Amino acid sequence: MTDTPPPRPKALPPGVFPPERIEIDEFHLRRYTREDAEPLHEAIKASFAELHPWMPWCVDPVKIEEQRDFIERGFLAWATGRAFDYGIGTSGDGERGEEFVGSISLMDRIGPGGLEIGYWLRSDATGKGIMSRAAARLTEIALGLPGIERVEIHCDAANARSAAVPERLGYRLAAMVERLEPTAPGETGRGMVWTTP
Ligand SMILES: CC(C)(COP(=O)(O)OP(=O)(O)OC[C@H]1O[C@@H](n2cnc3c(N)ncnc32)[C@H](O)[C@@H]1OP(=O)(O)O)[C@@H](O)C(=O)NCCC(=O)NCCS
């Protein structure tokens, strides 16, 4: 008979959540809805060349079922406090009066006291400071939640544009970690762990 391991302790107390919508300058972060599957799918397809090297889930062909599944899993992850996934929207000509330009998540996967931020942008939305400003605000919000003392951003050592985000925000490089295998084709397998000071 095998023993079931005890559930991993959660970073946030029960019933505590970050806001579902966050306004930042000309764009906003908002919790995903099922209607986001299509724009999410389009954004991933349009950014395949830039995402594929770094995001293990970005493989050919990009299937909308996977974006639907990501959103469904996100509902459960949000409700159980394990991850808070936001679509990033700017005002534009989209059907919903906004343009979908990327994704950012706050994740409970670095142990007690901490939350990790992960992100990507649609290629034509890069170079405008959208991610740096989104990550800055989410960091501030995370550090204001009960029990959260640090926020981390992890990326591969070769992913200079990703590493530039925490560096720009004043995070410090806390560790370099050797992974057994790279998880995406651009990766070296050497990981950077950036953390709030
Ligand atoms: C990682 C990623 C989100 C970074 O995108 P980015 O456009 O470089 O980041 P930002 O949106 O913060 O934009 C920063 C740029 O805007 C400029 N900028 C303009 N206004 C700015 C502002 N108000 N604040 C900060 N930067 C600003 C910066 O100077 C910088 O310019 P540079 O590209 O010439 O250096 C993007 O490259 C990406 O999606 N990559 C593929 C997926 C990926 O690797 N994800 C991370 C996995 S760990």
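## The β1–β2 hairpin

Let's start at the hairpin of β1 and β2, which has two residues between the strands and where D25 takes a positive phi near 45 degrees. Strands here are DSSP runs of E with at least two residues, helices are runs of H or I with at least four, and both are numbered from the N terminus. D25 sits in the loop between β1 (21-24) and β2 (27-31), and D25 isn't a glycine. That's worth a second look because most residues other than glycine have a negative phi. At 61% relative accessibility, D25 counts as exposed; the cut-offs are over 50% relative accessible area for exposed, under 20% for buried and in between for partly exposed (1.4 Å probe, protein chains only).

The two strands run antiparallel and are joined by four bridges; strands count as paired if DSSP finds at least two bridges between them. One of the facing pairs is E23 with H28 in β2. β1 also has two faces: I22 and I24 make up the covered one, while R21 and E23 make up the uncovered one. On that uncovered face, the side chains of R21 and E23 meet in a salt bridge, 2.6 Å from N to O. R21 is partly exposed at 44%, and E23 is partly exposed too, at 47%.

## How to read this model

You're looking at a predicted model, in which local features need pLDDT of at least 70 and side-chain atom pairs count only at pLDDT 80 or more, while totals for chains, interfaces and linings use all residues. Residues are numbered from 1 along each chain as its sequence is written, and side-chain values use heavy atoms, with hydrogens and water left out.

Next up is β4 (residues 98-107), a mostly covered strand: nine of its ten residues are buried. β4 pairs with β3 (residues 83-91) in the antiparallel sense over nine bridges, and I88 stands opposite G102 in β4.

β4 also runs antiparallel to β5, with six bridges joining the two. Here M107 has E116 in β5 as its bridge partner. The hairpin of β4 and β5 has six residues between the strands, and in it G111 takes a positive phi near 90 degrees.

## Around the ligand

Which residues come closest to the ligand? They are L121, G127, M131, S132 and N159, out of 21 that surround it; a residue makes the list if one of its heavy atoms lies within 4 Å. α2 (48-51), β5 (114-121), α4 (130-143), β6 (150-156) and α5 (160-168) each supply at least two residues of this shell. The largest share, four residues, comes from α4. By class, the shell has nine nonpolar, seven polar and five charged residues. In that count, Ala, Val, Leu, Ile, Met, Phe, Trp, Tyr, Cys and Pro are nonpolar, Asp, Glu, Lys and Arg are charged, and the others, Gly among them, are polar.

Now for some of the polar atoms, where a contact is a pair of N or O atoms within 3.5 Å. An N or O atom in the side chain of S132 is 2.5 Å from an oxygen atom of the ligand.

## Salt bridges

How many salt bridges does a search of the whole structure find? The count is 18, each being a side-chain nitrogen of Lys or Arg within 4 Å of a carboxyl oxygen of Asp or Glu. One of them joins the side chains of R150 and E152, 3.1 Å from N to O. R150 is partly exposed at 23%, whereas E152 is buried at 11%.

E187 and R179 form another, with their closest N and O atoms 3.1 Å apart. E187 is buried at 14%, and R179 is partly exposed at 33%. There's a network as well, linking R8, R82 and D108.

## A cis peptide bond

One last stop is the loop between α2 and α3 (64-79), where P61 has its place. The peptide bond from D60 to P61 is cis, with omega near -5 degrees. Most peptide bonds are trans.

Note on methods. Polar contact = N/O pair within 3.5 Å; in protein donor to acceptor, adjacent residues only side chain to side chain.
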